[in-house]
Amino acid sequence: MAKETFEFQAQTRELLGLMINSIYTNKEIFLRELISNASDAIDKLHFASLTNRDLVADGEDYEIYLKPDKENKTLTVSDNGIGMNRDELVENIGTIAKSGTKAFLEQIKKAKEDNADLSEKELIGQFGVGFYAAFMVAKSVVIVTKKAGEQQAYRWESTADGNYTIEEAEKDGRGTDIVIYLKDEFVGSDGDQDFTDNYNLKTLVKKYSDYVRYPIKLDYEVEETPKDEEGKEIEGAEKIKRIDTRTLNSMKPLWTKNKSEITEEEYNEFFKSQFHEWENPMEIFHTKIEGALEYTALLAIPAKAPFNLYHSDYEPGIALYSRHVFIMDKCKDLLPDYLRFMKGLVDSPDLQLNISRELLQQSRELKTIGKALEKDILKSLERKLKNKREDYEKFWNEYGKSIKFGIYNARFSGEGLTDKLKDLLLYVSSKEGKLVSLKEYTERMPESQTDIYYASAKDKEAVEKLPQMELLKEKGIEVLYMFDQVDEFAIEALHEYNGKHFRSVSKGDLNLSDAESEQVKKDNEEIAKESGDLMKDIKEVLGAKVSEVKLSSRLKSGAVCLVAAEEGPSLAMEQTFAAMEGNGAPNFFKAQRILEINPHHDLFNRLKSLHAAGGKDGEDFKDYCDLLYTQALLLEGIMPDDPADFAAKLAKLMAR
Ligand code: ADP
């Protein structure tokens with residue numbers, strides 16, 4: 001087969017560009033990334049060999065080898081793992097299959113535009129660029145690889161100029177050699193940036209990869225004086241050179257040590273190297289339980305939520321070990337889905353190695369361990385909320401959405417999960433714009449207030465501009481803001497908090513019972529009576545678009561608003577559903593739309609006079625009704641069904 005040349009995907013090129021132009025000062029981590037890949041490749045081989053014994057010869061050791069070469073200015077990272085064939089090279093290395101990379105590049109652009117303090121470094125951490133990190137230090141990279149069980153080896157090469165080549169090659173055993181042709185500044189320099197220096201390599205392995213479970217080996221050239229038969233140095237003999245192969249990493253699993261023997265830095269480095277994290281975790285849980293069921297768990301809440309935490313391509317799960325032997329990477333059934341952001345591992349002699357992964361995930365032992373861990377995590381979150389508010393808010397800003405999903409999903413589970421989660425909720429409130437818990441909200445609400453008020457829109461600015469907010473603000477009633485799509489679903493699932501019902505500013509009646517509000521309602525009844533059939537006729541013009549037209553008691557300066565009936569979905573929920581379905585919301589999930597008109601707005605008088613002049617069939621009256629309704633839609637952020645019609649009617653009006 002001749003040498004083939006391929007072009008990197010546009011996105012890969014962009015990513016490579018970022019790596020080459022060196023966005024990150026801490027370039028040494030490329031080694032950690034390559035070692036993790038090597039370790040993953042050995043894991044994969046190990047699994048494959050469980051069902052196909054021919055893949056690995058008896059007594060053969062798994063290993064990762066570092067081979068620096070000062071003369072040729074290269075560093076090679078070798079593994080005898082699963083290897084790759086031609087198609088896999090194209091698939092895994094040549095293209096960035098991960099949908100997240102696109103999001104990554106977009107976020108980098110956005111961060112630059114916004115001049116946000118969210119640096120590229122942090123972003124890379126969330127995305128884990130893996131293999132491509134090699135280009136931070138490389139002029140070019142060559143991969144020579146042979147897939148386990150196959151005969152042909154391949155050579156991949158790229159100088160990061162937008163292309164790469166693949167050709168057939170010779171290689172003895174299976175596995176992968178990554179040869180990095182180092183940029184000049186990373187060879188032979190004095191400092192710790194010389195990646196062909198044994199001492200530097202050892203330091204890096206100790207720092208980032210000490211717990212990698214396969215030996216990471218490095219050859220040392222040692223000079224020795226020859227010894228006699230009794231092992232004594234022969235005097236005067238010329239020194240001889242010998243290669244001494246040393247294993248750099250301790251491989252002793254951190255979690256088997258006692259807590260008191262582990263420094264914070266060790267914990268942090270462990271999580272960074274094992275779980276491809278860039279920043280120190282937000283919180284670490286290290287639990288050892290002895291008794292009927294024995295286990296050790298080492299879990300962490302990562303500092304940052306991965307960009308794809310709620311996408312289907314995110315793989316949650318905790319690694320499982322039995323007596324320090326690795327069983328599986330991402331066990332999904334250990335922790336409930338709302339804790340999908342947790343990373344870490346569980347090591348238990350009570351987990352059986354020899355049953356299928358499916359059965360293992362269903363096992364009673366696993367369920368018991370999972371329940372206990374869930375309890376620990378929830379307790380710790382409660383403590384954090386109580387004692388370390390700032391830290392909790394950081395947690396909330398990263399993972400709050402998960403808790404809300406948890407509440408929504410728990411509505412059928414009947415295990416009291418909702419009760420456990422509801423006190424963890426925080427919302428931005430109209431008071432001071434700070435985050436408050438439901439407990440804080442209900443404790444400080446005046447006695448006359450019976451409900452918990454909330455308003456939803458895409459952000460704070462949008463919520464505060466809702467015409468429905470004006471009156472509540474004036475009355476000094478605190479309103480919780482909801483910005484996530486899942487919010488209202490979670491609120492519906494919660495239904496109430498300690499006997500207080502949730503009330504949307506955009507649904508049903510506001511249920512205000514102060515004297516002033518009562519008076520407004522009475523006045524409205526009067527006005528409605530005086531205006532005869534007006535309401536009924538507006539409804540008739542609008543037809544099925546709305547279920548009711550009425551005078552509003554919630555508007556102050558706004559002319560009109562659209563609210564949903566108290567029972568059933570809100571308009572925002574309907575929109576979410578419609579977006580999910582892609583084809584409009586199904587009928588059972590349509591909000592009952594109620595058009596509310598402000599009787600104290602001049603527009604109302606104009607409507608009245610148009611109605612008096614031409615009745616419900618007057619051309620202008622009909623146009624006004626339509627425009628009124630469309631305005632209300634726009635206020636809710638909903639596109640009118642027929643924008644052209646809206647524009648035409650508005651233009652006609654303006655041209656008068
Ligand atoms: P990630 O490791 O996060 O998937 P990388 O860009 O580091 O992303 O690697 C892309 C893919 O290339 C890996 O998922 C793996 O399939 C393959 N790969 C990388 N290094 C090796 C290796 N040493 N041996 C076998 N496959 C590898």
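**Close-up views of a predicted model**

**View 1. Gly508 and its contacts.** Gly508 touches Arg554, Val563, Ala564, Ala565, Glu566 and Glu596, leaving out residues up to four places away in sequence. Contact here means heavy atoms within 4.5 Å. Gly508 sits in the loop between β20 (500-504) and α16 (515-530). Helices (H or I, at least four residues) and strands (E, at least two) are DSSP runs, numbered from the N terminus. Gly508 counts as buried because its relative accessible area is 11%. Buried means under 20% relative accessible area, exposed means over 50%, and partly exposed lies in between (1.4 Å probe, protein chains only). Gly508 and Gln592 are 84 residues apart in sequence, and their C-alpha atoms are 9.8 Å apart in space.

This is a predicted model: local features need pLDDT of at least 70, side-chain atom pairs count only at pLDDT 80 or more, and totals for chains, interfaces and linings use all residues. Residues are numbered from 1 along each chain as its sequence is written, and side-chain values use heavy atoms, with hydrogens and water left out.

**View 2. Asn598 in its loop.** Asn598 is found in the loop between β23 (593-597) and α19 (602-614). Asn598 is buried because its relative accessible area is 1%. Its side chain makes polar contacts. These are pairs of N or O atoms within 3.5 Å; within protein, one atom must be able to donate a hydrogen and the other to accept it, and residues adjacent in sequence count only if both atoms are side-chain atoms. The side chain of Asn598 reaches the backbone oxygen of Gly558 at 2.8 Å. The side chain of Asn598 also reaches the backbone nitrogen of His600, at 2.9 Å. Leaving aside neighbours within four places in sequence, Asn598 is in contact with several residues, among them Ser552, Leu555, Lys556 and Phe604.

**View 3. The shell around the ligand.** Which residues are closest to the ligand? They are Asn37, Ala41, Asp79, Asn92 and Phe131, out of 13 residues that surround the ligand. A residue is near a molecule if one of its heavy atoms lies within 4 Å of it. The shell divides into six nonpolar, four polar and three charged residues. Ala, Val, Leu, Ile, Met, Phe, Trp, Tyr, Cys and Pro count as nonpolar, Asp, Glu, Lys and Arg as charged, and the others, Gly among them, as polar. Helix α2 gives the largest share of the shell, three residues.

**View 4. Polar atoms at the ligand.** An N or O atom in the side chain of Asn37 is 2.8 Å from an oxygen atom of the ligand. A polar side-chain atom of Asn92 lies 3.1 Å from a ligand oxygen atom. For Thr176, a side-chain N or O atom is 3.3 Å from a nitrogen atom of the ligand. Taken alone, the ligand exposes 530 Å², and the protein buries 80% of that. Accessible areas come from the Shrake-Rupley method with a 1.4 Å probe; for residues, only the protein chains shown count as cover. The elements that give two or more residues to the shell are α2 (29-51) and α3 (86-94).

**View 5. Cysteines without a disulfide.** The structure holds zero disulfides. A disulfide is a pair of cysteine sulfur atoms within 2.5 Å. Cys561 is in no disulfide, and the nearest cysteine sulfur, that of Cys625, is 16 Å away. Cys561 is buried, with a relative accessible area of 1%. Cys331 also counts as buried, at 1% relative accessibility.
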